[in-house]
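Walk through this structure step by step.

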Amino acid sequence: MTVEKLLEVKDLKRHFNIGGKATVKAIDGVTFDIYKGETFGLVGESGCGKSTTGRTIIGLYDATDGEVLFKGEDVHGKKSAAEKMKFNRKMQMIFQDPSSSLNSRMTVMDIIAEGIDIHNLAENKEARKKRVEELLETVGLNKEHATRFPHEFSGGQRQRIGIARALAVEPEFIIADEPISALDVSIQAQVVNLLKQLQDEFGLTYLFIAHDLSMVKYLSDRIGVMYFGNMVELADSHELYKNPIHPYTKSLLSAIPLPDPEYERNRQRVEYDPSIHDPNEEQQFREIKPGHWVRCSETEFEQYKKDLNLN
Amino acid sequence: MSKLLEVKDLAISFNTFSGEVQAVRGVSFDVAKGETLAIVGESGSGKSVTTKSLMRLLPTPQSVIKRGQILFEGEDLVNKTDKEMQKIRGKDISMIFQDPMTSLNPTMKIGNQIMEGLIKHQNMSRSEARPKAAELLKQVGIPHAEKRLHQYPHQFSGGMRQRVVIAMALACNPKLLIADEPTTALDVTIQAQILELMKDVQKETGSSIIFITHDLGVVANIADRVAVMYAGKIVEIGTTEEIFYNPQHPYTWGLLGSMPTLDDTDEHLMSIPGSPPDMLNPPKGDAFAPRNSYALKIDTELEPPMFKVSDTHYAATWLLHENAPKVEPPAEVKRRMAGFSKTGEFLKGEEGEDQ
């Protein structure tokens, strides 16, 4: 894989004001890079800030602090409308719930073509229609579907429409926020395979946000684990599942239900207790071996290193 | 083991403006005392409708039980009046729903909600019921139970709310507990806790559980037996081992094949093409045939009966007929069937290391 950085997230923070002086630190200093052509998985339990991270990167939320660089260019901060337009074409998002993310009063044609219209990608009506039909076929729907409304489709089909809409402006980077959580098992695999196939075809880069760890493992090249607004571990997906280091990652991995009765009956669950960390020592994100990062204190860092060498 | 519940040829339809939706089309199964039966299937397969009908919770007159019997301890629930059902609901059979926020009353304190069943079914006074409610909360692992009784649902987290719902369901020591996707809305770590809790409770009280889910990982964890539903019918039923290690129905193959495993192989996920049939006009013959790459000619003509695989294992597919061509499950599924235990060891090994 080329190691060209497509997206750099540097010490990103997003705090929400919840009345009075109270703030929620939804993301509190997250740093990671996404390389061109890879799938970066972001996992964690609800409320850990994984969706907020995705939404802040694309600009649905303003960052409280930190930087997001896309191909070396800062995407936040003051920008002209034209610059924003240029950036919006390159980055698109697929949402979790396909029924609430599609406008129920628009036809599929208009939903998919909205981006095409905004960016003036079609010369005339004929070209616009042709492009939409092409997109529908790319995601496995028929061109007859273009005149229908979202409620006439099943959940899986709606998610395909959401994907077609994201593809319409020929983006390089797609943020998929729990794109399969709302779908049935038999349909989940269809959508995941479609995402993989599109990546091969168009050379897309994904940020895949999910809580389904086995699916994330299946799709992602690298995975970041988030816990309470911080990234606690980041590694190659095989590496992460083979050598989890942070106790939270271990507890998360041990909780994945696997379709194997024998394993399930003998499963040993690891519980995560945040109080094992010494509050007097500063927690930092450190590289424990090339490409494998863990959030830990100085003492823990030495301990983890020792554990790794023993293995 | 004696049978607690027997469902015989149950068929349920909904009358809608566009016509009759045949949600359940002849389902038969039984649940023994102290056992856990899991019902799996995708949305619209009729699994929730089946279990809701056990408690007669379906809206009337839109829904009609067309035929069949629901024998609970030998008594047919289909013919019970509303009043008679009220004595059974919450006492002999109770239910846990998917979303704890919608099954709790947001304007009532937790304590009062748990006490409701005790006061109604066990003729307890409020002062008798209160300590019992606190005890139940402790049993489901909620700390500071006495204090928590005076709190409202919004003061609890999702996992805690589901624990409260379980405490409510357990209040009158039900003989049958129906859990309709109780962990789907929860995080994996919380899900694992709730599953463990349910198993502990079952060990203590000896009640039977019907567990509805679409997550095969959860099924492997909790079930003794599994029924796979598709388009309003049970297409395969057997013990958990039989379903996971020796599945017979192509739909079960598809379900197993579409779950990613955690081992290092970069294989393609199997997916079931198409989408479930419209139950307004259920297809002729085998409802799964249009999505089934193993479909035989007869599948489009005639519905397959349940073929016996073993004393406990039945599957409704013509592939099991003696004249059918011998078909092996797809390679992915076979690899999974063999590989599952390997995956388990791989993770078990990991956990061993950190101790």
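This is a predicted model: local features need pLDDT of at least 70, side-chain atom pairs count only at pLDDT 80 or more; totals for chains, interfaces and linings use all residues.

Helices α4(B) and α7(B) are roughly parallel to each other, because angles under 35 degrees count as such. Helix α4 of chain B covers residues 110-121, and helix α7 of chain B covers residues 158-170. Their axes come within 8 Å and cross at roughly 25°. Two packed helices are described by just these quantities, the angle between their axes and the distance between the axes.

Which residues make the contact? From α4(B) come B:Ile110, B:Gln113, B:Ile114 and B:Gly117. They meet B:Val164, B:Ala167 and B:Met168 in α7(B). By class, the contact of α4(B) with α7(B) has 5 nonpolar residues, 2 polar ones and no charged residues.

Now step back to the whole of chain B. Its secondary structure comes to 12 helices and 12 strands. Along the principal axes, its C-alpha atoms fill a box of roughly 70 × 60 × 40 Å. Of the 355 residues in chain B, 46% are buried. Contacts also reach across the sequence. Among those in chain B between residues at least 6 apart, 66% join residues at least 24 apart.

One separation gives a sense of scale. B:Met108 sits in the loop between α3 (100-103) and α4 of chain B. B:Met108 has 13 C-beta neighbours inside 10 Å, so it counts as partly exposed. The C-alpha atoms of B:Met108 and B:Ala227 are separated by 37 Å. Along the chain, these two residues are 119 residues apart.

Next, look at the backbone of chain B. Most residues other than glycine have a negative phi, and most peptide bonds are trans.

Take the peptide bond first. B:Thr60 and B:Pro61 are joined by a cis peptide bond, with omega about 5°. B:Pro61 lies in the loop between α1 (47-54) and β4 (63-72) of chain B.

Then turn to phi. B:Asp9 is not a glycine, yet its phi is positive, about 50°. B:Asp9 lies in strand β1 of chain B, which runs over residues 3-16. Is B:Asp9 buried or exposed? It has 12 C-beta neighbours inside 10 Å and therefore counts as exposed.

B:His144 is another residue other than glycine with a positive phi, near 50°. Its place is the loop between α5 (126-139) and α6 (145-148) of chain B. B:His144 has 11 C-beta neighbours inside 10 Å, so it too counts as exposed.

Move on to chain A. It has 11 helices and 12 strands. A compact globule of 311 residues would have a radius of gyration near 19 Å; chain A has 21 Å, which agrees. The C-alpha atoms of chain A fill a box of roughly 65 × 55 × 45 Å along the principal axes. Buried residues account for 44% of its 311 residues. For contacts in chain A with a separation of 6 or more, 62% are between residues 24 or more positions apart.

Within chain A, follow helix α5, residues 155-167. At 1.5 Å a residue, its 13 residues should span 18 Å. Its end C-alpha atoms are 19 Å apart, which agrees. How many residues of α5(A) are buried? The count is 12 of 13, and α5(A) is mostly covered. Among the buried residues are A:Arg158, A:Arg160 and A:Arg165, along with A:Ile161, A:Ile163 and A:Leu167. What covers the buried residues of α5(A)? The cover includes the strands β6 (91-94) and β7 (173-177) of chain A. It also includes the helices α3 (108-118), α4 (125-138) and α6 (185-202) of chain A.

Finally, bring the two chains together. Their contact takes 40 residues from chain B and 41 residues from chain A. On the side of chain B that touches chain A, the elements that give two or more residues are α8 (188-205), α9 (216-222), α10 (240-245), α11 (250-257) and α12 (331-353) of chain B. Which of them gives the largest share? That is α12(B), with 8 residues. By class, this side of chain B divides into 15 nonpolar, 15 polar and 10 charged residues.

Notes
Residues are numbered from 1 along each chain as its sequence is written. Chains are lettered from A and ligands numbered from 1 in the order in which they are written. Axes are lines fitted to C-alpha atoms, for helices over the stretch in contact, and angles run from 0 to 180 degrees between N-to-C directions. Helices (H or I, at least four residues) and strands (E, at least two) are DSSP runs, numbered from the N terminus. Angles under 35 degrees count as roughly parallel, over 145 as roughly antiparallel, 65 to 115 as roughly perpendicular and the rest as oblique. Two residues are in contact if their C-beta atoms, placed from the backbone, lie within 7 Å. Ala, Val, Leu, Ile, Met, Phe, Trp, Tyr, Cys and Pro count as nonpolar, Asp, Glu, Lys and Arg as charged, and the others, Gly among them, as polar. A residue is buried if 20 or more other C-beta atoms lie within 10 Å of its own, exposed if 12 or fewer, and partly exposed in between; C-beta atoms are placed from the backbone. The expected span of a helix is 1.5 Å times one less than its number of residues. The radius of gyration is taken over C-alpha atoms; the globule rule is 2.2 Å times the number of residues to the power 0.38.
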